[in-house]
Amino acid sequence: MSDLESLGGGLLLCIGALRRRLLQLPHVDGVTIPELQVLARLDRFGPQTGSALAKVEQISPQAVGATVTSLEGKGLVSRASDPEDGRRVVWSLSAEGREIVLRKRGVRAGQVAAALAELDPADVSALAAALPALERLLEKL
């Protein structure tokens, strides 16, 4: 195994475990994890069709349909006809949905900051230095 393959495997394991751990943290505002994932996706990438959300989240269109219907009932997303194909629905984040995403990020950032505060300062510096490289890696995937 090459050094790059070994590094890639280590990153996959560590980042996957970090993601799972973050998902286990308490929910924000009574919104489920799948709902938070859809809200975050709409916030980051703008309006999306249900099929686009299903593909990215790697879940069935029926599961996305149930999730966005629940979010719509809570007033966190809104639907509109796709301007390119009026038969399709495009989902957008509402102002209240955006507030929940921002609040969730603030809570999660605080939780991660508390954990970082328990690390050795050299480890914190190493993580800070690695962040730009991780962002560039993400762009390549």
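Which residues make a nonpolar surface patch of about 480 Å²? In this predicted model, local features need pLDDT of at least 70, side-chain atom pairs count only at pLDDT 80 or more, and totals for chains, interfaces and linings use all residues. Residues are numbered from 1 along each chain as its sequence is written, and side-chain values use heavy atoms, with hydrogens and water left out.

The patch is made by Ile-15, Leu-131, Leu-134, Leu-137 and Leu-141. Patch residues have over 30% relative accessible area and no salt bridge, and nonpolar side chains (Val, Leu, Ile, Met, Phe, Trp, Tyr) are joined within 5 Å; a salt bridge places a side-chain nitrogen of Lys or Arg within 4 Å of a carboxyl oxygen of Asp or Glu. Accessible areas come from the Shrake-Rupley method with a 1.4 Å probe. Helix α6 supplies the largest share of the patch, three residues. Leu-131 is found in α6 and is partly exposed, with a relative accessible area of 46% (buried means under 20%, exposed over 50%, partly exposed in between).

The protein chain holds six helices and three strands (DSSP runs of H or I, at least four residues, and of E, at least two). Their order along the sequence is α-α-β-α-α-β-β-α-α. Of the 141 residues, 24% are buried.

The largest pocket is lined by 47 residues, with Ile-15, Leu-18, Arg-19, Leu-22 and Leu-138 nearest its centre. A pocket is an open set of points on a 1 Å grid where a 1.4 Å probe fits, with protein on both sides within 12 Å along at least five of seven lines; lining residues have an atom within 4 Å of a point. Helix α1 gives the largest share of this lining, 15 residues.

Key. Patches are made of residues with over 30% relative accessible area and no salt bridge: like charges are joined within 9 Å, nonpolar side chains (Val, Leu, Ile, Met, Phe, Trp, Tyr) within 5 Å. Buried means under 20% relative accessible area, exposed over 50%, partly exposed in between (1.4 Å probe, protein chains only).
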